[in-house]
Each structure stands twice: as C-alpha cells, then as structure tokens.
Amino acid sequence: VNNQTNDLKSILKSANQSLTSSRQLVFNSLKLHDPLSMSELVKLCLNEVDRATVYRVIKLYEDLGIVQRVPVGWKYKLELSEKFSHHHHHLTCLNCSKIIDITPPENIELDIMRLAKDYGFEVRSHQIEISGVCKDCVKK
Ligand SMILES: [Zn+2]
Ligand SMILES: [Zn+2]
C-alpha cells in the first residue's frame, strides 16, 4: 500500500466513507493519465465499473477535494487535486483539447502571491490555464 492510497483512505474516512474497489479504480485511472473528460474516464473504467458509479465516485471526490476540474473552453476535464500531485499549470489546445502540464517558474508563483497581497488577500490556491494551439496542431 503506497502513501497516496493511505492519504486517499484517510480523506474518505474523515467523511465516513471507505475505499471500495470502484473508488480505487477511478483514482488509479486519474493518476495514470493526463486529465480526462468524464466520458474518457467512463470508457477506461467500463469493464469493471458502470457509468453511474463512476459519476457517483467523481461527485464524492470533487466534494472531498480529491479531484479538481480543468476548464477546456466551456467544458472541463478531471485530474487529481494537488493533494495528490505537485503544483502545476496547464496549456490547453483549443483544437485537439490536449492538456499539457507545465511546472511554472518560481517567479510567477511569487508574483501571484505579491499581487494578491497588494489587495490584502491571503492566497490558498490558484489555477492558471493557458489556451492556444499545440505544436502538433500548429503543423496541420
Ligand atoms: Zn492540439
Ligand atoms: Zn502556480
């Protein structure tokens, strides 16, 4: 049992929930892939977990802050929250909806803190989404 599974268990436990096999499968699918749309996730899990169950698990995971949404235009994809991954930002391709994780340089992170502080604001988290056209789509 790895640390992440223990973290997942303890978050679930704090909400009086347990780690079922379908919850583990949804978690692993998100862990092993780039951000997924709901339908991509359902497809990945379909052999073992039905669609309605995947939706229920995601609802629970969003409520508990285990999963977060990555906006893609007016839709979104799903990824594990920063409790389970390092802090990163996204480049989203408007053509093929590929999402690329980028680790921001430290000065961007500090600028965000400074900017917020100018407004007397205490930052807890932030997301930065950059949209455009990826290098594969630019070539076409
Ligand atoms: Zn693309
Ligand atoms: Zn950042």
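**A core residue and a metal site**

A: In this predicted model, Leu41 touches Val26, Ser29, Leu30, Leu36, Val54, Ile58 and Leu78, leaving aside residues up to four places away in sequence. Leu41 also belongs to the largest nonpolar core, a set of 23 residues. Within that core, the residues with the most contacts are Leu30, Leu41, Ile58, Tyr61 and Ile66. Two or more core residues are supplied by each of the helices α1 (3–14), α2 (21–32), α3 (38–45) and α4 (51–63), and by the strand β2 (75–80). The largest share, 5 residues, comes from α4.

The zinc ion (ligand 1) is coordinated by the SG atoms of Cys93, Cys96, Cys134 and Cys137, at 2.3 to 2.4 Å. The arrangement is tetrahedral because the 4 donor atoms subtend angles of 103 to 119 degrees around the zinc ion, and four donors count as tetrahedral if all angles lie between 85 and 135 degrees. Along the chain, these donors follow the spacing C-x2-C-x37-C-x2-C. Distant parts of the chain are linked in this way: Cys93 lies in strand β3 (residues 89–93), whereas Cys134, 41 residues apart from it, lies in the loop between β5 (129–132) and α6 (135–139).

Are these two cysteines, Cys93 and Cys134, buried or exposed? Cys93 is buried, since its relative accessible area is 3%, and Cys134 also counts as buried, at 8% relative accessibility; the cut-off for buried is under 20%.

How values were computed
Residues numbered from 1 in each chain as written. Chains lettered and ligands numbered in written order. Predicted model: local features only at pLDDT ≥ 70, side-chain atom pairs only at ≥ 80, totals over all residues. Heavy atoms only, no water. Donors = N, O, S within 2.8 Å, 3.2 Å for Na, K, Ca; no water. Tetrahedral: all angles 85-135°; square planar, octahedral: opposite > 155°, others 65-115°. Helix = DSSP H or I, 4+ residues; strand = E, 2+ residues; numbered from the N terminus. Buried < 20%, exposed > 50% of the residue type's maximum accessible area, 1.4 Å probe, protein only. Core = buried A, V, L, I, M, F, W, Y, C linked by side-chain atoms within 4.5 Å. Contact = heavy atoms within 4.5 Å.
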